[in-house]
Amino acid sequence: MDDRTNFADTPEATDIAYHFHAYTNARRHAEVGPMIIEDGDGIHVRDNNGNRYIEGMAGLWSVGVGFKDRRLIEAATRQLEKLPFYHNFGHKSHGPAIELAEKLVEIAPVPMSKVFYTNSGSEANDTVLKMVWYRSNALGKPEKKKVIARNRAYHGVTIASASLTGLPNNHRSFDLPIDRVLHTICPHYWKEGRDGETEDQFATRCADELEALIQREGPDTIAAFWAEPVMGAGGVVVPPPGYYERIQAVLAKYDILFVADEVICGFGRTGEMFGSTTCGIRPDVMVLSKQITSSYIPFSAIVMNDRFYDPIADESDRISTFGHGYTGGGHPLGAAVALENLAIIQDNDLVTNAREVGAHFRARLATLADRPLVGEVRGIGLIAAVELVEDKAAKSVSTVGRLGAMMNTAMQRNGLISRNMGDSLGFCPPLIITRDQADEMFEIVEKSMGEVEAELGL
Ligand code: PMP
């Protein structure tokens, strides 16, 4: 079949002909074609047909300061003119990497001491797993190599990080997860809580299940626990109060590290600078990406404490080098943009804005709870989800993803880009969004829901 027949001689046809898309049904793409975004400004983007949309997901949970921010563009330009590339292999360094490392340690929510640079969230998590293994060898505990993540977690798509991810589509047909990566219960009370179980009892059960897994596998074999403070791509899951306190008590008992994947939560998303603060987590390692540069430049960083770093440093001395690093790690352009991005977040108090506008937006979303299609409205700070169901009592749908896709299509038609994770609709707009814009966004959600209900004859 000639893929180009429906879109003859257009950018759409060229896209179909040559572009293999991420997270896309490749065969279906040939029929529906791409949505081509040409331009962005503030919280809006515009497609090549001139339609304007609110970017309700900040791209991929990432464009914190909005599109076309002048300060970021100028910081990037200045850095390109001064030093467009340098690296940090073999004792080399450069100003932006040094300044950013100091800054990240300074703003970390718990005492941290070192920063290692990578290029993406996946790479960062992959690197942390390598560091965990290296560290266990350094400590003379070669058996302590297993790690535990959670069902529905998202930590990326490289071989190690996709293994940490707890979503079937990231494993199926990829021969993943690799061994030594285990998963425990997702702390989603609405979905996983049992009849009659309180939130508090559920939090305790989550910690008990973690402990049982550790016991089954052998406590001396478990090195680290991985968690997004608030889960993002798994459907925006805010754990119940008391959950992390109990989880951390179990980890402390068995000398297990806590790796907080702050790739979505970091830099204000949860209404605090870091999700770890919001959730009461005291991580040994934090993984940062996305909003660190508002995704203007691919960039990520691993922030760690001495407990994590010291054995690794000793091992590198014993071997003669730490044999790991990326050409682009700590890229001067990314580091310069990250520094300016942080300054913008702080100068404009975008963390407070996320907290306040987020609370307002979520209060409006909560008014949808009684609608026939809504199972749960959840979120924290400026990240939220609406879970769609067909049967409210059974909390179920007959075809997974159908309602989510219908709502997504309706919202897009009405000028809002959101993202359906199955039947969870995600909302994660830029941190700069105003109260009025949040109202506009909500009104599109409400109107679209009315249209979908009508389409379903409800
Ligand atoms: N961790 C989390 C929590 C994420 O949300 C993501 C991306 N959605 C990643 C890791 C992977 O980041 P990347 O796509 O940059 O590899």
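The model is a predicted one: local features need pLDDT of at least 70 and side-chain atom pairs count only at pLDDT 80 or more, while totals for chains, interfaces and linings use all residues. Residue numbers start from 1 along each chain as its sequence is written.

Helix H9 itself runs over residues 199-217. With 19 residues, H9 reaches 27 Å from its first C-alpha to its last, close to the 27 Å expected at 1.5 Å a residue (the expected span is 1.5 Å times one less than the number of residues). Its buried residues are Phe 202, Ala 203, Cys 206, Ala 207, Leu 210 and Ile 214. Seen down the axis, these residues fall within an arc of 140 degrees, so they line one face of H9; the arc is that of the directions from the helix axis to the C-beta atoms. Over on the other side of H9 sit the exposed residues Ala 212, Gln 215 and Arg 216. As for the terms, a residue is buried if 20 or more other C-beta atoms lie within 10 Å of its own, exposed if 12 or fewer, and partly exposed in between, with C-beta atoms placed from the backbone. Just past the end of H9, Gly 218 takes a positive phi of about 100 degrees.

Helix H10 can be read in much the same way. Tyr 243, Tyr 244, Ile 247 and Leu 251 are its buried residues, and they cover an arc of only 80 degrees around the axis, which puts them on the same side of H10. They pack against H9, S7, strand S8 (257-261) and helix H11 (275-279). Ala 249, Ala 252 and Lys 253 are exposed on the face of H10 turned away from that buried side.

Some backbone angles deserve a look too. Most residues other than glycine have a negative phi, and most peptide bonds are trans. Asp 255, in the loop between H10 and S8, has a positive phi near 55 degrees; with 13 C-beta neighbours inside 10 Å, Asp 255 counts as partly exposed. Arg 152, in the loop between S5 and H7, also has a positive phi, about 75 degrees, and is buried, with 23 other C-beta atoms within 10 Å. Leu 176 and Pro 177 are joined by a cis peptide bond, with omega about 0 degrees.

Now for the ligand. Of the 15 residues around the ligand, Ser 120, Gly 121, Ser 122, Gly 156 and Val 263 come nearest (being near takes a C-beta atom, placed from the backbone, within 6 Å). Helix H6 (residues 121-138) gives the most to this shell, three residues.

Finally, the chain is divided into domain 1 (35-68 + 349-455) and domain 2 (71-347), with bounds that come from an automatic or database domain assignment. Their centres, taken over C-alpha atoms, are 26 Å apart. Across the boundary, 26 residues of domain 1 are in contact with 25 residues of domain 2, contact meaning C-beta atoms, placed from the backbone, within 7 Å. H14 gives the most to the side of domain 1 that touches domain 2, with five residues.

Key:
Helices (H or I, at least four residues) and strands (E, at least two) are DSSP runs, numbered from the N terminus. Two residues are in contact if their C-beta atoms, placed from the backbone, lie within 7 Å.
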